[in-house]
Amino acid sequence: MAAPPAILVEPRLERPAVGPLTTDASEPSTEELMEHYVAGHLEAFETLYRRLSPKLFGYLLRLTRRRDRAEDLVQITFAKVHRARASYLLGSPVLPWLLAIGRRSFFDEHRRAKVRPEDLSYDGSLPEPHEESGGLGTDVIEALERALSSLPEPYAEAIQLTKVTGLSVSEAADVLGTTKAAVKLRVHRGYLLLRVQLEAFKRDET
Amino acid sequence: MTTRDPFQALARAEEPPPLRVLEALRADMRSTRPAPGPSRNRRLGASALWLFACLLLGSFSAFSSQALWLIGGGSAFALVFGAALLAGVVPGSKRRVGLGLRRGLLGALALGLFGLLALSASEFAPWATVFDAAGCRQALGCGMHALLTGVLGVAGLLWIWRGTDPFTPGATGAVFGSIAGLLGAFSVGLSCSSHEGWHLVVAHGSSVVWLGAACGWAGLKWLRP
(Lines give C-alpha, C1' and ligand atoms only; values in the text may rest on other atoms or scores of the structure.)
Protein backbone atom coordinates (compact mmCIF):
# COMPACT_ATOMS: atom_id res chain seq x y z
CA MET A 1 0.00 0.00 0.00
CA ALA A 2 1.41 3.39 -0.91
CA ALA A 3 2.13 5.66 1.99
CA PRO A 4 0.24 8.95 2.22
CA PRO A 5 2.06 12.10 1.16
CA ALA A 6 4.00 13.43 4.10
CA ILE A 7 2.48 16.87 3.64
CA LEU A 8 -0.65 15.62 5.36
CA VAL A 9 1.37 14.95 8.49
CA GLU A 10 2.93 18.07 9.98
CA PRO A 11 6.61 17.27 10.46
CA ARG A 12 8.85 18.24 13.35
CA LEU A 13 10.39 21.59 12.63
CA GLU A 14 13.75 21.33 14.33
CA ARG A 15 14.98 18.73 11.85
CA PRO A 16 15.60 20.18 8.39
CA ALA A 17 14.12 18.14 5.56
CA VAL A 18 17.24 18.54 3.51
CA GLY A 19 20.53 17.35 4.84
CA PRO A 20 23.71 19.37 5.15
CA LEU A 21 24.98 21.01 2.02
CA THR A 22 27.91 18.64 1.81
CA THR A 23 27.01 15.18 0.65
CA ASP A 24 30.43 13.65 0.82
CA ALA A 25 32.71 13.84 3.86
CA SER A 26 35.71 14.46 1.60
CA GLU A 27 34.10 17.52 0.01
CA PRO A 28 34.88 20.85 1.61
CA SER A 29 32.01 22.35 3.56
CA THR A 30 30.29 25.46 2.29
CA GLU A 31 31.97 27.47 5.03
CA GLU A 32 35.41 26.18 3.99
CA LEU A 33 34.66 27.05 0.38
CA MET A 34 33.68 30.54 1.45
CA GLU A 35 36.93 30.84 3.35
CA HIS A 36 38.89 29.88 0.21
CA TYR A 37 36.86 32.30 -1.86
CA VAL A 38 37.51 35.14 0.58
CA ALA A 39 41.20 34.22 0.39
CA GLY A 40 41.06 34.93 -3.35
CA HIS A 41 40.48 31.50 -4.97
CA LEU A 42 38.06 32.01 -7.83
CA GLU A 43 37.50 28.27 -8.31
CA ALA A 44 36.09 28.16 -4.77
CA PHE A 45 33.56 30.76 -5.81
CA GLU A 46 32.49 28.66 -8.77
CA THR A 47 32.01 25.59 -6.57
CA LEU A 48 30.16 27.68 -4.04
CA TYR A 49 27.99 29.12 -6.79
CA ARG A 50 27.15 25.67 -8.16
CA ARG A 51 26.27 24.43 -4.70
CA LEU A 52 24.22 27.37 -3.48
CA SER A 53 22.72 28.98 -6.55
CA PRO A 54 19.92 26.39 -7.01
CA LYS A 55 18.74 27.02 -3.47
CA LEU A 56 18.96 30.78 -3.85
CA PHE A 57 17.29 30.63 -7.27
CA GLY A 58 14.49 28.42 -5.93
CA TYR A 59 13.91 30.78 -3.01
CA LEU A 60 13.92 33.89 -5.20
CA LEU A 61 11.72 32.22 -7.77
CA ARG A 62 9.13 31.63 -5.08
CA LEU A 63 9.45 35.23 -3.86
CA THR A 64 9.27 36.87 -7.27
CA ARG A 65 7.19 34.24 -9.11
CA ARG A 66 8.99 35.39 -12.23
CA ARG A 67 11.93 33.60 -13.77
CA ASP A 68 13.63 36.62 -15.31
CA ARG A 69 13.47 38.62 -12.10
CA ALA A 70 14.73 35.68 -10.07
CA GLU A 71 17.69 35.27 -12.46
CA ASP A 72 18.52 38.97 -12.18
CA LEU A 73 18.28 38.78 -8.40
CA VAL A 74 20.63 35.79 -8.26
CA GLN A 75 23.15 37.84 -10.19
CA ILE A 76 22.62 40.91 -8.00
CA THR A 77 22.91 38.83 -4.83
CA PHE A 78 26.16 37.14 -5.82
CA ALA A 79 27.56 40.49 -6.95
CA LYS A 80 26.72 41.89 -3.51
CA VAL A 81 28.30 38.85 -1.90
CA HIS A 82 31.45 39.48 -3.90
CA ARG A 83 31.60 43.09 -2.78
CA ALA A 84 30.82 42.18 0.83
CA ARG A 85 33.08 39.13 1.09
CA ALA A 86 35.47 40.94 3.43
CA SER A 87 32.69 41.44 5.95
CA TYR A 88 31.72 37.75 6.00
CA LEU A 89 32.53 36.38 9.45
CA LEU A 90 34.65 33.31 8.78
CA GLY A 91 33.03 30.09 9.94
CA SER A 92 29.49 31.43 10.15
CA PRO A 93 26.80 29.61 8.12
CA VAL A 94 26.93 30.76 4.49
CA LEU A 95 23.52 29.78 3.21
CA PRO A 96 21.46 31.91 5.66
CA TRP A 97 23.86 34.80 5.01
CA LEU A 98 23.38 34.45 1.25
CA LEU A 99 19.60 34.07 1.50
CA ALA A 100 19.33 37.13 3.75
CA ILE A 101 21.26 39.20 1.21
CA GLY A 102 19.07 37.79 -1.58
CA ARG A 103 15.91 38.60 0.33
CA ARG A 104 17.05 42.17 0.96
CA SER A 105 17.91 42.53 -2.73
CA PHE A 106 14.40 41.35 -3.58
CA PHE A 107 12.81 43.96 -1.33
CA ASP A 108 15.07 46.69 -2.70
CA GLU A 109 14.12 45.75 -6.25
CA HIS A 110 10.48 45.44 -5.29
CA ARG A 111 10.51 48.97 -3.86
CA ARG A 112 12.14 50.29 -7.02
CA ALA A 113 9.63 48.43 -9.18
CA LYS A 114 6.78 50.21 -7.37
CA VAL A 115 8.20 53.48 -8.63
CA ARG A 116 8.24 52.14 -12.22
CA PRO A 117 5.46 49.56 -12.18
CA GLU A 118 5.63 48.56 -15.85
CA ASP A 119 8.57 46.23 -16.37
CA LEU A 120 9.35 45.33 -19.93
CA SER A 121 10.57 41.86 -20.71
CA TYR A 122 13.78 41.24 -22.66
CA ASP A 123 12.12 41.59 -26.05
CA GLY A 124 10.59 44.92 -25.05
CA SER A 125 7.02 43.74 -24.68
CA LEU A 126 4.84 44.04 -21.62
CA PRO A 127 5.00 40.98 -19.41
CA GLU A 128 2.26 38.43 -19.56
CA PRO A 129 -0.10 38.44 -16.56
CA HIS A 130 0.73 35.77 -14.01
CA GLU A 131 -1.20 32.61 -14.18
CA GLU A 132 -3.38 32.37 -11.12
CA SER A 133 -3.19 29.11 -9.27
CA GLY A 134 -6.60 27.69 -9.95
CA GLY A 135 -7.25 23.93 -9.92
CA LEU A 136 -4.64 21.58 -8.60
CA GLY A 137 -2.41 19.68 -10.99
CA THR A 138 -2.39 15.95 -11.49
CA ASP A 139 0.86 15.40 -9.69
CA VAL A 140 1.21 15.93 -5.93
CA ILE A 141 4.48 17.83 -6.41
CA GLU A 142 2.87 20.15 -8.89
CA ALA A 143 -0.11 20.50 -6.57
CA LEU A 144 2.21 21.34 -3.70
CA GLU A 145 4.04 23.86 -5.83
CA ARG A 146 0.74 25.54 -6.73
CA ALA A 147 -0.54 25.37 -3.17
CA LEU A 148 2.67 26.96 -1.90
CA SER A 149 2.35 29.74 -4.47
CA SER A 150 -1.17 30.48 -3.32
CA LEU A 151 -0.22 30.79 0.36
CA PRO A 152 0.21 34.22 1.95
CA GLU A 153 3.83 35.24 1.40
CA PRO A 154 5.03 35.00 5.03
CA TYR A 155 3.73 31.43 5.34
CA ALA A 156 5.11 30.32 1.98
CA GLU A 157 8.49 31.88 2.77
CA ALA A 158 8.72 30.19 6.17
CA ILE A 159 7.80 26.79 4.70
CA GLN A 160 10.17 27.25 1.76
CA LEU A 161 13.12 28.05 4.03
CA THR A 162 12.54 25.36 6.63
CA LYS A 163 11.24 22.52 4.48
CA VAL A 164 12.60 23.04 0.98
CA THR A 165 15.82 24.99 1.47
CA GLY A 166 16.57 23.01 4.61
CA LEU A 167 17.38 25.75 7.12
CA SER A 168 16.85 25.25 10.83
CA VAL A 169 14.16 27.34 12.50
CA SER A 170 16.69 29.72 14.02
CA GLU A 171 18.46 30.17 10.65
CA ALA A 172 15.11 30.80 8.96
CA ALA A 173 14.24 33.31 11.69
CA ASP A 174 17.54 35.08 10.98
CA VAL A 175 16.86 35.22 7.25
CA LEU A 176 13.31 36.46 7.76
CA GLY A 177 14.38 38.93 10.45
CA THR A 178 11.91 37.60 12.97
CA THR A 179 11.73 35.37 16.04
CA LYS A 180 11.85 31.58 16.11
CA ALA A 181 8.34 31.51 17.58
CA ALA A 182 7.03 33.56 14.66
CA VAL A 183 8.63 31.17 12.15
CA LYS A 184 7.09 28.15 13.87
CA LEU A 185 3.72 29.85 13.89
CA ARG A 186 3.93 30.77 10.20
CA VAL A 187 4.95 27.24 9.25
CA HIS A 188 2.14 25.80 11.33
CA ARG A 189 -0.49 28.09 9.82
CA GLY A 190 0.91 27.53 6.36
CA TYR A 191 0.65 23.80 6.92
CA LEU A 192 -2.98 24.09 7.90
CA LEU A 193 -3.74 25.95 4.67
CA LEU A 194 -1.65 23.54 2.60
CA ARG A 195 -3.40 20.58 4.16
CA VAL A 196 -6.83 21.93 3.19
CA GLN A 197 -5.69 22.47 -0.40
CA LEU A 198 -3.96 19.12 -0.71
CA GLU A 199 -6.83 17.21 0.83
CA ALA A 200 -9.04 18.76 -1.83
CA PHE A 201 -6.49 17.62 -4.40
CA LYS A 202 -6.52 14.11 -2.95
CA ARG A 203 -10.33 14.01 -3.12
CA ASP A 204 -10.23 15.18 -6.74
CA GLU A 205 -7.67 12.51 -7.55
CA THR A 206 -9.75 9.69 -6.10
CA MET B 1 6.18 1.45 4.96
CA THR B 2 7.94 4.25 3.15
CA THR B 3 6.87 7.85 3.48
CA ARG B 4 7.08 10.29 0.63
CA ASP B 5 8.11 13.82 1.49
CA PRO B 6 7.04 16.11 -1.34
CA PHE B 7 9.14 18.91 0.13
CA GLN B 8 12.28 16.87 -0.39
CA ALA B 9 11.14 16.26 -3.93
CA LEU B 10 10.70 20.02 -4.36
CA ALA B 11 14.21 20.57 -2.98
CA ARG B 12 15.63 18.00 -5.39
CA ALA B 13 13.78 19.65 -8.27
CA GLU B 14 15.49 22.99 -7.63
CA GLU B 15 17.42 23.88 -10.73
CA PRO B 16 20.43 26.13 -11.11
CA PRO B 17 19.96 29.50 -12.78
CA PRO B 18 20.96 29.64 -16.47
CA LEU B 19 24.62 29.76 -17.34
CA ARG B 20 24.42 33.37 -18.51
CA VAL B 21 24.05 34.45 -14.84
CA LEU B 22 27.38 32.87 -13.94
CA GLU B 23 28.99 34.29 -17.07
CA ALA B 24 27.75 37.77 -16.21
CA LEU B 25 29.12 37.37 -12.70
CA ARG B 26 32.50 36.24 -14.03
CA ALA B 27 32.62 39.35 -16.19
CA ASP B 28 31.65 41.56 -13.25
CA MET B 29 34.18 40.05 -10.87
CA ARG B 30 37.19 41.91 -12.12
CA SER B 31 38.94 41.82 -8.80
CA THR B 32 39.36 38.52 -7.05
CA ARG B 33 42.12 39.65 -4.75
CA PRO B 34 42.07 38.19 -1.27
CA ALA B 35 39.75 40.08 1.03
CA PRO B 36 39.79 38.31 4.37
CA GLY B 37 38.18 40.54 6.98
CA PRO B 38 38.92 40.24 10.67
CA SER B 39 37.43 37.18 12.35
CA ARG B 40 34.56 37.40 14.79
CA ASN B 41 36.88 36.99 17.78
CA ARG B 42 39.22 39.69 16.55
CA ARG B 43 36.31 42.03 16.09
CA LEU B 44 35.09 41.19 19.58
CA GLY B 45 38.54 41.91 20.99
CA ALA B 46 38.73 45.18 19.09
CA SER B 47 35.26 46.13 20.36
CA ALA B 48 36.26 45.42 23.96
CA LEU B 49 39.43 47.48 23.63
CA TRP B 50 37.54 50.30 21.99
CA LEU B 51 34.89 50.34 24.72
CA PHE B 52 37.63 50.34 27.36
CA ALA B 53 39.38 53.27 25.67
CA CYS B 54 36.10 55.19 25.48
CA LEU B 55 35.44 54.50 29.14
CA LEU B 56 38.83 55.81 30.17
CA LEU B 57 38.41 58.86 27.97
CA GLY B 58 34.89 59.50 29.30
CA SER B 59 36.06 59.10 32.89
CA PHE B 60 39.08 61.32 32.43
CA SER B 61 37.58 64.16 34.45
CA ALA B 62 36.97 61.79 37.38
CA PHE B 63 40.61 60.78 37.72
CA SER B 64 41.31 63.51 40.24
CA SER B 65 38.13 63.14 42.27
CA GLN B 66 37.60 59.36 42.38
CA ALA B 67 39.76 56.56 43.70
CA LEU B 68 41.62 54.79 40.91
CA TRP B 69 40.41 51.38 42.10
CA LEU B 70 36.84 52.57 41.62
CA ILE B 71 37.53 53.76 38.09
CA GLY B 72 39.60 50.69 37.21
CA GLY B 73 37.21 48.19 38.82
CA GLY B 74 34.15 49.87 37.40
CA SER B 75 35.70 50.07 33.95
CA ALA B 76 36.72 46.41 34.06
CA PHE B 77 33.23 45.39 35.12
CA ALA B 78 31.62 47.54 32.42
CA LEU B 79 34.05 46.13 29.89
CA VAL B 80 33.35 42.49 30.75
CA PHE B 81 29.61 43.17 30.86
CA GLY B 82 29.68 44.97 27.50
CA ALA B 83 31.87 42.31 25.86
CA ALA B 84 29.61 39.51 27.13
CA LEU B 85 26.58 41.32 25.78
CA LEU B 86 28.27 41.89 22.45
CA ALA B 87 29.31 38.24 22.16
CA GLY B 88 25.66 37.25 22.44
CA VAL B 89 24.23 39.72 19.96
CA VAL B 90 26.69 39.96 17.09
CA PRO B 91 26.30 37.54 14.17
CA GLY B 92 28.58 34.67 13.29
CA SER B 93 27.91 32.35 16.21
CA LYS B 94 25.40 29.59 16.72
CA ARG B 95 25.02 30.80 20.30
CA ARG B 96 23.74 34.16 19.17
CA VAL B 97 20.57 35.00 21.06
CA GLY B 98 17.36 35.15 19.03
CA LEU B 99 15.64 38.34 17.94
CA GLY B 100 13.00 38.07 20.69
CA LEU B 101 15.67 37.93 23.38
CA ARG B 102 17.60 40.78 21.81
CA ARG B 103 14.46 42.91 21.81
CA GLY B 104 13.89 41.96 25.45
CA LEU B 105 17.49 42.85 26.18
CA LEU B 106 16.93 46.37 24.89
CA GLY B 107 14.11 46.91 27.37
CA ALA B 108 16.00 45.19 30.16
CA LEU B 109 19.08 47.37 29.67
CA ALA B 110 17.07 50.59 29.76
CA LEU B 111 14.85 49.52 32.67
CA GLY B 112 17.80 48.03 34.56
CA LEU B 113 19.79 51.24 34.24
CA PHE B 114 16.86 53.46 35.24
CA GLY B 115 16.13 51.17 38.18
CA LEU B 116 19.75 51.22 39.31
CA LEU B 117 19.94 55.00 39.01
CA ALA B 118 16.68 55.43 40.91
CA LEU B 119 17.88 53.09 43.66
CA SER B 120 21.19 54.90 43.99
CA ALA B 121 19.46 58.30 44.27
CA SER B 122 19.34 59.86 47.68
CA GLU B 123 16.15 61.83 46.95
CA PHE B 124 13.67 62.84 44.26
CA ALA B 125 13.33 66.59 44.58
CA PRO B 126 10.42 68.48 42.94
CA TRP B 127 10.91 68.74 39.17
CA ALA B 128 10.85 72.56 39.18
CA THR B 129 13.73 72.84 41.61
CA VAL B 130 15.80 70.13 39.93
CA PHE B 131 15.49 71.70 36.51
CA ASP B 132 15.76 75.39 37.31
CA ALA B 133 18.29 77.41 35.31
CA ALA B 134 21.33 76.07 37.16
CA GLY B 135 19.95 72.55 37.29
CA CYS B 136 19.26 72.60 33.56
CA ARG B 137 22.83 73.68 32.83
CA GLN B 138 24.18 70.89 35.00
CA ALA B 139 21.82 68.33 33.44
CA LEU B 140 22.76 69.50 29.96
CA GLY B 141 26.45 69.14 30.76
CA CYS B 142 25.98 65.64 32.16
CA GLY B 143 23.68 64.65 29.30
CA MET B 144 26.18 65.83 26.70
CA HIS B 145 28.98 64.04 28.51
CA ALA B 146 27.04 60.75 28.54
CA LEU B 147 25.86 61.19 24.97
CA LEU B 148 29.27 62.07 23.52
CA THR B 149 30.97 59.16 25.30
CA GLY B 150 28.21 56.90 24.03
CA VAL B 151 28.38 58.26 20.47
CA LEU B 152 32.13 57.71 20.45
CA GLY B 153 31.65 54.15 21.72
CA VAL B 154 28.91 53.23 19.27
CA ALA B 155 30.67 54.81 16.29
CA GLY B 156 33.58 52.45 16.93
CA LEU B 157 31.28 49.46 17.30
CA LEU B 158 29.42 50.23 14.10
CA TRP B 159 32.71 50.65 12.25
CA ILE B 160 34.20 47.43 13.62
CA TRP B 161 31.07 45.41 12.74
CA ARG B 162 30.15 47.25 9.53
CA GLY B 163 28.54 45.08 6.89
CA THR B 164 28.46 41.94 8.99
CA ASP B 165 24.76 41.54 9.79
CA PRO B 166 22.39 40.99 6.88
CA PHE B 167 19.80 39.46 9.22
CA THR B 168 18.63 41.96 11.83
CA PRO B 169 20.93 44.97 11.54
CA GLY B 170 18.42 47.30 13.19
CA ALA B 171 18.12 45.24 16.36
CA THR B 172 21.87 44.70 16.54
CA GLY B 173 22.49 48.41 16.07
CA ALA B 174 19.98 49.23 18.80
CA VAL B 175 21.77 46.89 21.23
CA PHE B 176 25.09 48.51 20.29
CA GLY B 177 23.53 51.90 21.03
CA SER B 178 22.19 50.74 24.37
CA ILE B 179 25.57 49.30 25.40
CA ALA B 180 27.22 52.57 24.42
CA GLY B 181 24.53 54.47 26.35
CA LEU B 182 25.37 52.41 29.43
CA LEU B 183 29.00 53.27 28.90
CA GLY B 184 28.12 56.96 28.79
CA ALA B 185 25.96 56.70 31.90
CA PHE B 186 28.76 54.95 33.75
CA SER B 187 31.44 57.46 32.75
CA VAL B 188 29.31 60.47 33.70
CA GLY B 189 28.35 58.76 36.95
CA LEU B 190 31.99 58.75 37.97
CA SER B 191 32.50 62.44 37.42
CA CYS B 192 29.14 63.86 38.59
CA SER B 193 28.58 64.32 42.30
CA SER B 194 24.79 64.73 42.14
CA HIS B 195 22.64 62.08 43.84
CA GLU B 196 19.32 63.62 42.91
CA GLY B 197 17.04 61.04 41.31
CA TRP B 198 15.56 63.02 38.40
CA HIS B 199 18.96 64.35 37.44
CA LEU B 200 20.39 60.83 37.39
CA VAL B 201 17.53 59.39 35.36
CA VAL B 202 17.18 62.22 32.84
CA ALA B 203 20.75 63.48 32.46
CA HIS B 204 22.72 60.30 33.02
CA GLY B 205 20.40 57.54 31.90
CA SER B 206 18.45 58.89 28.95
CA SER B 207 21.39 58.45 26.56
CA VAL B 208 20.57 54.71 26.60
CA VAL B 209 17.19 55.44 25.04
CA TRP B 210 18.44 58.06 22.53
CA LEU B 211 21.38 56.00 21.41
CA GLY B 212 19.35 52.80 21.28
CA ALA B 213 16.76 54.43 19.04
CA ALA B 214 19.25 56.28 16.82
CA CYS B 215 21.47 53.24 16.40
CA GLY B 216 18.50 51.08 15.43
CA TRP B 217 18.38 53.27 12.33
CA ALA B 218 22.17 53.56 11.99
CA GLY B 219 22.45 49.78 12.15
CA LEU B 220 20.26 49.46 9.07
CA LYS B 221 22.67 51.68 7.18
CA TRP B 222 26.00 50.45 8.52
CA LEU B 223 25.63 46.85 9.57
CA ARG B 224 23.93 45.55 6.44
CA PRO B 225 26.38 44.18 3.83
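The following questions and answers cover the core, the chain contact and the helix packing of a predicted model.

Residues are numbered from 1 along each chain as its sequence is written, and chains are lettered from A in the order in which they are written. Local features need pLDDT of at least 70 and side-chain atom pairs count only at pLDDT 80 or more, while totals for chains, interfaces and linings use all residues.

Student: How many residues has the largest nonpolar core?
Tutor: A nonpolar core is a set of buried Ala, Val, Leu, Ile, Met, Phe, Trp, Tyr and Cys residues joined through C-beta atoms within 7 Å. Buried means 20 or more other C-beta atoms within 10 Å, exposed 12 or fewer, partly exposed in between, with C-beta atoms placed from the backbone. Leu60(A), Leu98(A), Ala172(A) and Leu183(B) have the most contacts inside the largest core, and its residue count is 99.

Student: Which helix gives the most to this core?
Tutor: Helices are DSSP runs (H or I, at least four residues), numbered from the N terminus. The top contributor gives 11 residues and spans 169-191 of chain B: helix H8.

Student: Which residues does Leu183(B) contact, leaving aside neighbours within four places in sequence?
Tutor: Contact means C-beta atoms, placed from the backbone, within 7 Å. Thr149(B), Gly150(B) and Gly153(B) are on the list.

Student: Which helix gives the most to the side of chain A that touches chain B?
Tutor: The contact takes 52 residues from chain A and 43 from chain B. Several helices of chain A each supply at least two residues to that side, including H3 (67-83) and H4 (94-115). The one that gives the most, with 8 residues, is H2(A).

Student: How many residues of that side of chain A are nonpolar?
Tutor: Ala, Val, Leu, Ile, Met, Phe, Trp, Tyr, Cys and Pro count as nonpolar, Asp, Glu, Lys and Arg as charged, and the others, Gly among them, as polar. The side of chain A that touches chain B has 12 polar and 10 charged residues; its nonpolar count is 30.

Student: Are H2(A) and H3(A) parallel or oblique to each other?
Tutor: Their axes are 9 Å apart, at an angle of about 135°. Axes are lines fitted to C-alpha atoms, for helices over the stretch in contact, with angles from 0 to 180 degrees between N-to-C directions. Under 35 degrees is roughly parallel, over 145 roughly antiparallel, 65 to 115 roughly perpendicular, and the rest oblique. H2(A) and H3(A) are therefore oblique.

Student: How are H5(B) and H8(B) oriented to each other?
Tutor: H5 of chain B covers residues 99-120. The axes of H5(B) and H8(B) come within 10 Å and cross at roughly 20°. The two helices are therefore roughly parallel.

Student: How many nonpolar residues has the contact of H5(B) with H8(B)?
Tutor: H5(B) brings residues including Leu105(B), Leu106(B) and Leu109(B), and H8(B) brings residues including Ala174(B), Val175(B) and Leu182(B). By class, there are 1 polar and 2 charged residues, and the nonpolar count is 11.

Student: Where is Arg65(A), and why does this residue count as partly exposed?
Tutor: Phi of Arg65(A) is near 60°, a positive value in a residue other than glycine. Arg65(A) sits in the loop between H2 and H3 of chain A. Arg65(A) counts as partly exposed because its C-beta neighbours inside 10 Å number 13.

Terms used. Contact = placed C-beta atoms within 7 Å.
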